[in-house]
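This report looks at side-chain packing in one chain.

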Amino acid sequence: MEISTAALIDCGLPAQDATQLVDLLKQIPVTSEKELWHFLITEVLTAEIPFSVHQYLYQHVFEKCISNGEPAPAWFPGEREHNHSHLAEWVFDLKLDGFAAVYDWSVSNRVEFTAKLLESLRIQFRESPQQIMDLHAGVEQIEWLRGASLNIVESCLREKSEQIAILFQRSTDEVQQLSYRELRALTARVANGLTEAGIEPGERIAVMLPMTPESVAIFLGIIAAGCVVVTIADSFSAEEMQVRLKITAPRLIFIQDVITRNGRQLPLYAKLESLSELPAVVLPESASHTVSLREHDQLWSDFLSASLELNCVPRKPQDETTILFSSGTTGNPKGIPWDQTTPIKSAGDGYLHHDIHAGDIVCWPTNLGWMMGPWLVYAALINDATIALSDAVPTSRRFCEFVQNAGVTMLGLVPSIVSAWRSQETTAGLDWSHIKVFSSTGECSNPDDMLWLMSRAGYRPVIEYCGGTETGGGYITGTVLKPGVPGLFSCPALGFEWLLLNETGKETANGEVFFVPPVIGLSTRLINRDHHEVYYADIAPGPDGQVLRRHGDQIEALPGGYFRAHGRVDDAMNLGGIKVSSVQIEELLTQTSGVREVAAIAVPPPGGGPGQLVIFMVMQDGAAFVAAEIQQQMQQIIRSQLNPLFKIHAVREIEQLPRTASNKVMRRKLRDLYQNEEL
């Protein structure tokens, strides 16, 4: 089928431009889908052209792939990726043939892989390891880098002097900067302040702060002093904060007085009211704020040491650096410690899969309370890059302007941010040509949204990235050495072996993820749970007798070595005896006209029986919610594209989907909401 002038006009392209494009394409000698698409994205498709035109042309060019259910790449590696990426250097050094061969080598030669990673990242040791991987206690309790002594902060703050460590924007639209020298000095003042306060190495210090230059220095300073950071998301309620503080019993907390979001001033320091025994160092949000302190608390300016000399306390590899928490949506959260080796995994993924180079500018709207906060610090600083921070709401125009003005080269996000940008045209007229790579994590991606995102920067790849707090990074991700398909993962993470198993423990193309340890960065303990019971208990050996570790994601393997995420196994639902992922239904139903976001839940009917399918949706601005019409349209999509036996019981409009602070949809809350409504 030829590209149609009428179809281009229907997509919003002016008639004259549509005619010229069709005439031009007739004259272009192309021999493959790849060549035609490359021509379109380099010579025709700009961000100013209506995205519906991009969609139409993408679907036309890759019509055969799409109709056959095969991955349809929207980005292909070029000369830079093939010759100048970190992975390309590894391919050359190892004398191997492409990514697949490097991956096979990485999981077959785990000692050599880890040693090469340490060398590539230039990890600083006070005493070099005598043994990379000691398995005498078994894979569950592996000892990494036996005999070594290090403090990971020394690898973050190697002498880079006037190179920029942090670009930041707050209050005004001016982009300010902090050099590596200045960050090192501020980190030293924090570390020395802790020592002067009588705090000993190994003691825990809590942090409840937004992501700012000061919070980065506090994070690094605590670890430099040999202490342990307890990270608490600034969005948590007082009750959620208290749960985490009781689990960890820190000596001190760094906390901001208030935080301003969407024009509203939200209290942080006031949440400590019932914790009178915990001393606090309080950071005013701005210099104009006057803070009324409790008797035993002190201001940030008074806490800081006058000493600018950074002397990092050497630690053992297994010594804790940070305690992070799982989302905790179903009971008390798991306290997950990161040790001195976990940052190597974070920085390694940044180096190998996100291709972060010295001088790159890395932006990922996040918080130290979630793993992507520490990940951002390590992935940027250990790779000699720059962290870009803004106090703007990530879905806002102001944040998107910051991405432009700061010259961001690697932009990470969660898919719901992209959905909001697209629906509100937040990026219109902005120049994002500096961006070399996007990354997406936290939830399953909508392929159309990711195609739209790629088109905002002249078609750059989106590295889909999935792991967990207990992995220190990703187990499944992307690579700049393979074509990028919107919404799909393109590879397992280097050095990380895992299997897809069905309910009987057999390998399958669509099943539950089980890790095959050991992997550097993978947790070996929890501070408030039995690690073995949570991850290893009652799991049969793998097909080749491997020790397996449960993870809980459902992944589908696709042709060409690509993968699609289907959410958590516990997000699966049983409809009429057929098991289906809620994410699979949600991906389809976002096609419904006027709908921005969708969440699917299964609700048991009164008296028991098979679950009933209920759909919650967020409508696009200006779109009308007519329940009967939308339900009919959605039912037709499910009937034609998924399974005619799946019947939608009810549809409901909701202003905003309930999410955890790490942006996962809380389907449990939706079930409660629906069932309370039915009572």
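## Aromatic pairs and helix packing

Phe399, Phe402, Trp421, Trp432 and Phe438 are linked into a cluster by ring pairs. The model is predicted. It holds 22 aromatic pairs in total.

Two of these pairs are set out below.

| Pair | Centre to centre | Angle between planes | Type |
|---|---|---|---|
| Tryptophan 37 and phenylalanine 62 | 5.9 Å | 65 degrees | edge-to-face |
| Phenylalanine 399 and phenylalanine 402 | 6.4 Å | 45 degrees | tilted |

Take the edge-to-face pair of tryptophan 37 and phenylalanine 62. Tryptophan 37 sits in helix 3 (residues 33-44), while phenylalanine 62 belongs to the loop between helix 4 (51-61) and helix 5 (63-67), so the pair ties together parts that are 25 residues apart in sequence. Tryptophan 37 and phenylalanine 62 are both buried.

Phenylalanine 399 and phenylalanine 402 share helix 17 (residues 397-405). They are three residues apart there, about one turn of the helix. Both phenylalanine 399 and phenylalanine 402 are buried.

**Helix 18.** One member of the ring cluster, Trp421, is also among the buried residues of helix 18. Helix 18 (residues 415-424) is mostly covered, with seven of its ten residues buried. These are Pro415, Ser416, Ile417, Val418, Ser419, Ala420 and Trp421. Their cover includes helix 17, strand 16 (410-413), strand 17 (437-440), helix 19 and strand 28. After helix 18 comes glutamate 425, with a positive phi near 55 degrees.

**Helix 8.** Helix 8 spans residues 98-108. Its buried residues are Phe99, Val102, Tyr103, Trp105, Ser106 and Val107. What do the buried residues of helix 8 pack against? Their partners are helix 7 (86-94), helix 9 (110-121), strand 21 (491-492) and strand 22 (497-501).

**Helices 12 and 16.** The axes of helix 12 (residues 213-224) and helix 16 (residues 372-381) come within 11 Å. They cross at roughly 80 degrees. Helix 12 and helix 16 are therefore roughly perpendicular to each other. On the helix 12 side, the contact uses Val216, Phe219, Leu220 and Ile223. Helix 16 brings Pro374, Val377, Tyr378 and Leu381. Which kinds of residue make up the contact of helix 12 with helix 16: nonpolar, polar or charged? Eight are nonpolar, with no polar and no charged residues.

**Charges over rings.** Lysine 116 lies over the face of tryptophan 90, 5.2 Å from the ring centre. Arginine 244 places its charged end over the ring of phenylalanine 325, at 5.5 Å from the centre.

**Two loop residues.** Threonine 592 is found in the loop between helix 21 (582-589) and strand 28 (595-603). Is threonine 592 buried or exposed? Its relative accessibility is 2%, so threonine 592 counts as buried. Leaving aside residues up to four places away in sequence, threonine 592 touches Ile630, Gln633, Met634 and Ile637.

Glycine 458 occupies the loop between helix 19 (447-455) and strand 18 (462-464). With a relative accessible area of 45%, glycine 458 is partly exposed. Along the chain, glycine 458 and tryptophan 75 are 383 residues apart. Their C-alpha atoms are separated by 10.0 Å.

Technical notes. Residues are numbered from 1 along each chain as its sequence is written. This is a predicted model: local features need pLDDT of at least 70, side-chain atom pairs count only at pLDDT 80 or more; totals for chains, interfaces and linings use all residues. Side-chain values use heavy atoms; hydrogens and water are left out. Buried means under 20% relative accessible area, exposed over 50%, partly exposed in between (1.4 Å probe, protein chains only). Helices (H or I, at least four residues) and strands (E, at least two) are DSSP runs, numbered from the N terminus. Contact means heavy atoms within 4.5 Å. Rings of Phe, Tyr and Trp (its six-membered ring) pair if their centres lie within 6.5 Å; planes under 30 degrees apart count as stacked, over 60 as edge-to-face and the rest as tilted. A charge sits over a ring if NZ of Lys or CZ of Arg is within 6 Å of the ring centre and within 35 degrees of the ring normal. Axes are lines fitted to C-alpha atoms, for helices over the stretch in contact, and angles run from 0 to 180 degrees between N-to-C directions. Angles under 35 degrees count as roughly parallel, over 145 as roughly antiparallel, 65 to 115 as roughly perpendicular and the rest as oblique. Ala, Val, Leu, Ile, Met, Phe, Trp, Tyr, Cys and Pro count as nonpolar, Asp, Glu, Lys and Arg as charged, and the others, Gly among them, as polar.
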